[in-house]
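Follow the sequence and the model side by side while reading. The paragraphs below take up a sheet, the loops beside it, a pair of helices and two further sites.

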Amino acid sequence: MGNLGELSPYEARDAAGFVESMQQLKKRSGLTYRALEEQAARNGDVLARSTLADILRRTSLPHPDLLAAFVRACGDGHRVGAWLDAGNQVRRRLAEEADSAPGPSPQRLDQRTQTGDPALVHTSREPLGPEPVVPRSTAVPLLPSARPGTIRLLHGRTAETRTLSRILDDAANGTQHITVLSGEPGIGKSHLLRWLEQQARTRNFAVLVGRSTEFERVPYGAFVDALDDALSVADQALPEKIGSAALDLLQAVFPALSGRTAGGERTMPAERFRVHRAVRALLEVLGSGAGLALLLDDLHWADQGTIELVDHLVRHPPALPFVLAIAHRPRQTSARLTASLARAEASGLLVGLELGPLSPAHAAGLLGVEVSGWRRDLLYAASGGNPLYLQALARRSGAEALAPRCDGATAVGDDIPASIRGALLEELEGASPLARAVIRAAAVLGDPFEAELAAAVAQRGEEDVAAALDELVERDLVRETGRGSRLIFRHPLVRSTVLHQTGAGWRRAAHARAAGQLAARGAEPTVQALHVAKSARPGDPRAIAVLTAAAHQMLPVAPATAAHWTAEALRLLGPDASRHPDLWLLQAHALCTAGHLHKSLDVLDEAHSLLPPEAHRDRARTVEALATAQRLLGRYHEATALLEQETLRCNDLPSALTTALYGQLAAVRLCARDFTGATVWGVRAMRLAEASGDPVQTTVINSLLALAYTSVGDMRQGGSHLSLAHQGLGTSAFDERRAGEYLDALLAAGWANILQERFEEALRHFDRGLAVSRRTSHSHLLTDLLTGAAYASLWLGRLEQAGRYAEDAMDAAALTASAEPRSMALAVNAAVTLWAGNFTTALEDCEKAMAEAGDAVGGSLALAMLGQARLLDGDPAGCVRAVLRAGGGPDLAEFEASVRALWFRLLAAAEAARADTRAAAHWADRAAAAAAPTGLRGQKGFALLAWAEAHLTVSPGPAGQAALNASYAFHDARMPLYEALARTTAATALTTTGQPTAAAAEAQHAAALFSRYGALSSP
């Protein structure tokens, strides 16, 4: 150790001078922060190096216990009493000065700062203390530092802290809010989040804190940062608490859960909502005590997975006292997150806190009494009242602190003034060459970073790196996290500055070293990919393989990231990219699943243009993918034109590819409600399929024809093709190796069974389709399958089951950028909520669906459901208008022929409600005419019910009998909710004809049915 005896603690006249003496004592001891921590432990003291670094960069007196531990660790233990006495003298001197000066006592402020007094929030708008003096030290931290769990002064944020306290109170009482802190860089968002963290902990909330980073887009990055450490020490009962299936899903997102279960449930890309629900269940477990506060910072840099999960939690918050607080810069925030927050604000859930600059008085309080008045005013003017800028400028000495640098410094960001960039660069330049080398390596690795990996990237020994990190911690450029050897940068701007001042060549080589180290450690491709993409040279086969593997691995949970890695692989392939159509299709599929349908179309268009004419199979696959993307966007005419143009090449195409194109045309025409056109293309496809003898294609075409013929009202032909489709989909005939190719068949067969009133069979097809989708990651039909399953369940009266399918459909559709699936999901959810008696929600869902889809299929379904909702809401005229518009006119030609009687009956009921018996009778006749050719019991029930409702007031006796007959028909068709509705109408008729006993029996029967199936209303 150095010569300690020459240093006298009594020379200090104020707190800053005393801390300066402590700094000199450390310097003379020759010990690093790590060594001092270890020496204190050997002495029986507790002196965390992060706490010590915090003490030595502040200008306030340390706690006596910490001071004593520090002096002993430095080897000056025999003078501990002198150091404590000198510290007490400084305290007394400050108190005496405060007695003769206006304003708050510096001693009181100093003591409260040491003890973490929560009452420290300054509420006065007057400057703190007397006229400041020239500072002895300019070591003002860029962000206010604090001991773990303790936040110091929050100047000028009284209103915000009161609001945050109220939000915590509301959460504890069961009222949840989404709290959004917004403002420019350095305005204090992160500091307020830390204050909220402290307050939540004092109320016994479980607290999770995470943030997004600027240069990496790690899937679900903010949530991984918030949860991964907590999960690494989670108890072994976690599978029992959240379920093994949920745990399997979470393993794909959180590294800490990797290997926790032997299995691993497969999730398809568009089923990311299942991952979101698993996270929500996990949060409910972690916050099962007093509640949970989830605090997410820097979400302007959030990856798409994080944004989707935030959106899910906004729409479906955990069922516990819950606080979700996020901080972001509005000008840099993605449109998707902005839209999600706007929806939350419109629903009244969002509490927004837009942070502005500090007032001059609060800025003075932040700078402290050591900054003189003239300098304080200049600093305020130069910083604009931004706390971070104010403190960064205060770190610099002399007049140059208040002027922009003119040395050509590289810009850190458009939002950061040149003077602030200069202040950050000056801090970095003050570090030793070794420390600068290590911080460059750390900046390449990310935020947070591991010390061991930084040593490898910096190409320095671990002891040298440990010393460099101690220096960086002492300078408050990086901070310890308390999580092993992981450290973080003091602020994202520090890392940004380091990276922008590092040469591109050195960065590339550093990324290459990082990639090599990670590969040697056996890291997953997804972990290696970031560094591989930033260091690989064109044509590198290993790099291309790593990026492709990472894309496949990320596709189920983070398709946007998968698309990015695929694009990087294609970039490295260069001119050879055209020889890898599988990569183009993978990128397009990932983009489509991530909701970027227009970008997916661009990729497919480019791939299509690069393929040579003789690449028949690849061209056909690309065209099919293009048509699928067009269909998802509701562009049926464009999809038809594209497919028809490709069929002109049929002479050059193998028969199987031509069959596939014809089948796609049939499917698109069905979506466009051109049922006749669908049969034409389906028949052409069937001829080729039968000629080629391909059983899978034959099954697909039979399913499409079953749906097409049933939709035009040819029940015999539809039934015949449906029987053939069932044979092809049977267990013995099903080719598992080509399972993904059956999806169109399962979807079409499911809907055909609904139209044929075979609801149980329909449900089996939809559920099987969902299972196949999950196994094969083919997700483009997910919303269609879920919507179909919801409708089949609804016909069977299984409201709870229908509601689950509808909710899944809405969550799946929310992850797409297409209005068509979202409107379909909203329409079926409206149908479920109508039977549940929530007319207001049903109306809102229908109106949302119509606004999104317009005249597309989903919009038509929503419009038809809107008619039913309007009738129940007392607007029969609006019902008639909506149904006629949805059906394309009085013939209702745009509804499937096999269900037109249902909609004609609704028109009859609406006209009866308007007391227009003539119009009601007309629609009842149309219902009978539509039902007769189908031979379906349920459609006959609608015709009978329509006649009963149309004639209820003029011929109640026959009307009652017709209603009873309708109930029998609905019973035979296994449509219990409509059976109950018909019995309700019969009860009304029987009451009118003076048969109260019979009326009561029918009413009781109807009520029992409604109750059994969970219906609260009778649409």
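How many bridges join β7 to β8, and do these strands run parallel or antiparallel? The model is a predicted one, and in it β7 and β8 run antiparallel, joined by three bridges. One of the residue pairs is V478 with F489, its bridge partner in β8.

These two strands belong to an open sheet of three strands, with the order β6-β8-β7 and antiparallel pairing. Strands of a sheet pair through backbone hydrogen bonds, in either the parallel or the antiparallel sense. β6 (449-450) and β7 (478-480) stand at the edges; each has a single partner strand, so one side of each is left without a neighbour in the sheet. The pairing of β6 with β8 (residues 486-489) is antiparallel and rests on two bridges. Across from F449 stands L487 of β8.

β8 can also be read by its faces. L487 and F489 form its covered face, while R486 and I488 form the uncovered one.

Most residues other than glycine have a negative phi, and most peptide bonds are trans. In the loop between α19 (433-445) and β6 lies P448. The peptide bond that joins D447 and P448 is cis, with omega about 10°. The loop between α21 (462-474) and β7 contains D476. D476 is not a glycine, yet its phi is positive, near 60°. Is D476 buried or exposed? Its relative accessible area is 0%, so D476 counts as buried.

A positive phi is also found at L892, which is not a glycine and has a value of about 50°. L892 sits in the loop between α42 (876-886) and α43 (900-913). With a relative accessible area of 0%, L892 is buried.

Now turn to a pair of helices. The axes of α23 (residues 504-520) and α24 (residues 525-533) come within 8 Å and cross at roughly 160°. Because of that angle, α23 is roughly antiparallel to α24. Their crossing is left-handed. Which residues make the contact? From α23 they are H511, A514, A515, L518 and A519, and from α24 they are V527, Q528, H531 and V532. Sorted by type, the residues of this contact are six nonpolar, three polar and no charged.

The last stop is E197, placed in helix α8 (residues 189-202). Why does E197 count as buried? Its relative accessibility is 18%, and buried means under 20% relative accessible area. Leaving aside residues up to four places away in sequence, E197 touches V207, V209 and L295.

How values were computed:
Residues numbered from 1 in each chain as written. Predicted model: local features only at pLDDT ≥ 70, side-chain atom pairs only at ≥ 80, totals over all residues. Heavy atoms only, no water. Helix = DSSP H or I, 4+ residues; strand = E, 2+ residues; numbered from the N terminus. Buried < 20%, exposed > 50% of the residue type's maximum accessible area, 1.4 Å probe, protein only. Contact = heavy atoms within 4.5 Å. Axes fitted to C-alpha atoms, helices over the stretch in contact; angles between N-to-C directions. Parallel < 35°, antiparallel > 145°, perpendicular 65-115°, else oblique. Left-handed = near helix turned anticlockwise from the far one by under 90°. Nonpolar A, V, L, I, M, F, W, Y, C, P; charged D, E, K, R; others polar. Pairing = 2+ DSSP bridges.
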